[in-house]
Amino acid sequence: MPLKAELHCHIEGAAAPDLVLRQASKYGADPTPFIRDGAFVWHDFTSFLAVYDFSAGLFCSEEDYALLADHYLTSLARDGAIYSEIFISPDHAAQAGLSAKAYADALGEGIARARNRTGIEGRMIVVGLRHAGVEAVEKAARFAARCGNALVTGFGMAGDERVGDLEDYVRAFEIAREAGLGITVHAGELMGWESVAAALDHVRPARIGHGVRAIENPDLVRRVAGSGVVLECCPGSNIALDVFPDFASHPFPELKRAGCKVTLNSDDPPYFRTSLKREYDAAAEHFGMDAAALAAVTRTAIEAAFVDRKTKAALLARLGR
Ligand code: ADE
Ligand code: ZN
């Protein structure tokens with residue numbers, strides 16, 4: 001089994017339907033509109049976000065979040081992962097009645113528990129939600145910059161890419177950058193190549209969440225390759241959300257051939273009937289990647305990780321030469 005690393009997974013989106021059902025009965029909520037026959041019910045990005053928000057709202061206590069992170073990272077470790085970055089969303093914590101600090105610290109506790117049991121190393125990237133507006137995203141950035149949790153090492157923006165103008169969010173990224181955090185931004189998932197170009201122009205991120213629709217413009221593909229920006233690719237998510245119809249038409253292999261740095265990620269695994277292991281397996285099956293090619297993807301992810309130099313060196317040493 002190849003060693004794996006994941007840079008792009010929304011922690012609330014990692015809660016499987018059976019866990020969400022348990023949370024619903026714990027808090028007396030009716031899950032029937034959102035979960036049917038053991039699966040989440042959605043049909044497009046907007047309805048996906050509605051189910052996502054419902055599920056996230058059922059994680060209300062610090063112990064709920066510690067368990068969620070512990071479960072997810074432990075399952076990743078079982079599948080051969082040695083490193084995981086999770087997106088954490090203070091807006092969802094607020095919706096559930098928890099302070100951002102209590103939320104991040106509880107998730108950090110879950111990461112520590114999983115590390116103690118399995119050895120998996122974990123970090124957190126605070127995300128602002130684009131559809132929550134500029135103020136909310138800046139608030140998330142200020143929290144990331146000041147929270148004082150050593151496992152918070154990055155800042156990003158997720159949510160509905162179709163909303164707002166990226167230029168308006170630049171200040172949030174500058175707040176995070178000044179605090180020394182790694183920068184990533186969702187772009188080129190729901191919107192086309194122009195969105196990826198805008199991210200490079202205005203945000204200057206180290207990584208882009210998805211970024212795959214850069215493929216629509218060959219000049220931009222060359223620019224991404226030349227920039228060294230790392231793409232957090234999530235093929236299973238893209239296919240589930242109909243960004244591309246199938247693996248055969250997914251641009252991962254073409255981006256890689258063009259010299260773009262690409263990684264494999266699960267995004268919101270149970271929503272898209274995937275997992276990090278399934279993404280690696282699918283890359284082997286559909287993109288013709290052998291063990292050495294998959295190991296190189298893991299190396300790219302570790303090299304792009306928002307983690308201190310010493311930990312990064314130790315992780316790279318585990319991958320060997
Ligand atoms: N939040 C959770 N999953 C997301 C996705 N695929 N794109 C943007 N925001 C998200
Ligand atoms: Zn995402």
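## Terms and basis of the model

Helices (H or I, at least four residues) and strands (E, at least two) are DSSP runs, numbered from the N terminus. The model described here is predicted: local features need pLDDT of at least 70, side-chain atom pairs count only at pLDDT 80 or more, and totals for chains, interfaces and linings use all residues. Residues are numbered from 1 along each chain as its sequence is written, chains are lettered from A and ligands numbered from 1 in the order in which they are written, and side-chain values use heavy atoms, with hydrogens and water left out.

Rolling a probe the size of a water molecule over the atoms shows where empty space is left. On a 1 Å grid over the protein atoms alone, a cavity is a set of points where a 1.4 Å probe fits but cannot get out, whereas a pocket is an open set with protein on both sides within 12 Å along at least five of seven lines; lining residues have an atom within 4 Å of a point. Grid points are joined across faces, edges and corners, and a volume is the space filled by probe spheres set on the points.

The largest pocket holds about 410 Å³ of space. Its lining consists of 20 residues, and those nearest its centre are Ala 14, Ala 16, Tyr 72, Ser 75 and Pro 269. Helix H1 (17–27), helix H3 (62–78) and helix H12 (276–286) each contribute at least two lining residues, with the largest share, five residues, coming from H3. Sorted by class (Ala, Val, Leu, Ile, Met, Phe, Trp, Tyr, Cys and Pro count as nonpolar, Asp, Glu, Lys and Arg as charged, and the others, Gly among them, as polar), this lining has ten nonpolar, four polar and six charged residues.

The second largest pocket has a volume of about 220 Å³. Helix H4 (90–95) and helix H6 (134–146) each supply at least two residues of its lining, and H6 gives the largest share, six residues. Among the lining residues are Pro 90, Asp 91, Lys 139 and Phe 143. By class, there are seven nonpolar, one polar and four charged residues.

## Surroundings of ligand 1

The residues near ligand 1 (one heavy atom within 4 Å of it) are His 10, Phe 45, Phe 48, Tyr 52, Ala 158, Gly 159, His 186, Glu 189, His 210, Asp 267 and Asp 268. A polar side-chain atom of Glu 189 lies 2.8 Å from a nitrogen atom of the ligand, and a polar side-chain atom of Asp 267 also lies 2.8 Å from a nitrogen atom of the ligand. For Gly 159, a polar backbone atom is 2.9 Å from a ligand nitrogen atom.

His 210 belongs to strand S8. Its phi is near 75°, a positive value in a residue other than glycine. His 210 counts as buried because its relative accessible area is 0%, where buried means under 20%, exposed over 50% and partly exposed in between (1.4 Å probe, protein chains only).

Ala 199 is placed in helix H8 (residues 193–203) and is buried, at 0% relative accessibility. Contact means heavy atoms within 4.5 Å; leaving aside residues up to four places away in sequence, Ala 199 touches Leu 166, Val 185, Ala 187, Arg 204, Pro 205 and Ile 208. Arg 204 lies in the loop between H8 and strand S8 (207–210), and its phi is near 50°, a positive value in a residue other than glycine.

Key:
Polar contact = N/O pair within 3.5 Å; in protein donor to acceptor, adjacent residues only side chain to side chain.
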